[in-house]
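Please open the structure in your viewer and keep the selection panel at hand. The tour moves from one selection to the next and says what is there at each stop.

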Amino acid sequence: MADFTNLNLEGANEKLNKALTDAKALKDSLLANHGGDASDILASLESKVSDLQSSFADMIPELPTIPNINMQSEFAQLANFDITSPQYSAQIANITSKFGTAMKDKGLDIESLAEQIQAGGDVGDLLPNLQLPDGEIIPVELSAEVSLPSIEAVEEKISKVDLDKVSLVTKEIEVVTTVSGATKTTLPTTTTETITDASGTTTTTTTTAGGVETINTFGNTEEEQKLIDAKDLNQKIFQRTLIPGTFINSKGRELPLQRMTDAKIEELEVRAGIEYFDSVRTGNVRNANRPLSKRSYRIYFESDTDDAGGRTDASFLAAKEQGDWNWKEDSAGFIYYDNRYKKNRKT
């Protein structure tokens, strides 16, 4: 067996060698004092045990002092910037430099997700839980929090095909064998036509003749797309009744001034322990039994107790015990879930 305490060996480690030497010294001392007085054995072993503990402690590497970078936390900061501000662009560039490759591999677009979060989307629902450890360049994905459903599952509708609107013609393959033994094969002629209603579904015609396939695809008309957008806006407005009104974003889309749905606002208030008296927001509240994390408290809400205490762990717990948490407001009086919060005044 190799003697790893030999300093001339390739890859020898001084700290490991000292630990092995101290362990051998302790073992030799035990054997030498075998059968002796217990108090004498204890006195001779105490110093050697202390040396061995010190050697093992020296082999433990120092823990990193720089915290890991969490992608969801980086995206959450976008809510504090106006979409046209330099800070917003700088934060997008920062996220892209750290997580751009990993997000691209997952087929996710950072700018599109940032816009959805600006419109009130939930960070936890939209993004994977990626984290960049200190000193690393490749993010790792953490497991998402497991939550139980609070409402019954929606019954899945079975898709049906209208046979009157689908035609399929397939000619059998014709094989002709000549006298010389050569074989001639004629490819089948296949025609497939699918016609749907005018709800916006794509109509596709596929024709295969002589081995050549031709595909023609027709999408929604401009008028149909306007109807779809209007229906989508009405649905969003129906779910957002606390702040009326809409605005036009930088891409020309009309969106509600209220970033979050009524249900999402109620969920956050219940999880933060804030009492409310609003007959409009009733019904089941998802995650009602799961309290907010300290980070989430400070993202959505503000507390005089927490601010006065220097935003420490102790001041956070004191504010939580007193129930001293209110929705964040900017200097103009716009509340956090208003799209005008800390941004250009949208009209």
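Predicted model: local features only at pLDDT ≥ 70, side-chain atom pairs only at ≥ 80, totals over all residues.

Residues are numbered from 1 along each chain as its sequence is written, and side-chain values use heavy atoms, with hydrogens and water left out.

**The whole chain**

Select the protein chain, which has 11 helices and 13 strands; helices (H or I, at least four residues) and strands (E, at least two) are DSSP runs, numbered from the N terminus. Of its 347 residues, 27% are buried, where buried means under 20% relative accessible area, exposed over 50%, and partly exposed in between (1.4 Å probe, protein chains only). Among contacts (heavy atoms within 4.5 Å) between residues at least 6 apart in sequence, 42% join residues at least 24 apart.

**Helices H1 and H2**

Next, select residues 14-32, helix H1, together with residues 38-58, helix H2, which pack at an angle of about 160 degrees with their axes 9 Å apart. Axes are lines fitted to C-alpha atoms, for helices over the stretch in contact, and angles run from 0 to 180 degrees between N-to-C directions. H1 and H2 are therefore roughly antiparallel, on a scale where angles under 35 degrees count as roughly parallel, over 145 as roughly antiparallel, 65 to 115 as roughly perpendicular and the rest as oblique. The residues that make this contact include Ala19, Asp22 and Leu26 of H1 and Leu45, Val49 and Leu52 of H2. By class, the contact of H1 with H2 has 9 nonpolar, 3 polar and 6 charged residues; Ala, Val, Leu, Ile, Met, Phe, Trp, Tyr, Cys and Pro count as nonpolar, Asp, Glu, Lys and Arg as charged, and the others, Gly among them, as polar.

Staying with H1, colour Asn17, Ala19, Asp22, Leu26 and Ser29, which are buried, and notice that the buried residues of H1 pack against H2.

**Helices H4 and H5**

Now select residues 86-105, helix H4, and residues 110-118, helix H5, whose packing angle is about 130 degrees, with the axes 10 Å apart. H4 and H5 are therefore oblique to each other. In H4, Tyr88, Ile92, Ile95, Thr96, Gly100 and Met103 meet Ile110, Glu111, Leu113, Ala114, Glu115 and Gln118 of H5, and this contact of H4 with H5 divides into 7 nonpolar, 3 polar and 2 charged residues.

**Helix H8**

Move on to residues 262-272, helix H8, where 9 of the 11 residues are buried, so H8 is largely enclosed by the rest of the structure. The buried residues of H8, among them Ile265, Leu268 and Arg271, pack against helix H9 (294-300), strand E12 (301-302) and strand E13 (326-327). Just after H8, look for Gly273, which takes a positive phi of about 80 degrees.

**Two single residues**

Select Arg311 in the loop between helix H10 (304-308) and helix H11 (313-322); its phi is near 55 degrees, a positive value in a residue other than glycine. Is Arg311 buried or partly exposed? At 41% relative accessibility, Arg311 counts as partly exposed.

Finally, find Asp229 in helix H7 (residues 222-238), which counts as partly exposed at 44% relative accessibility. Asp229 and Arg253 are 24 residues apart in sequence and, C-alpha to C-alpha, 8.9 Å apart in space.
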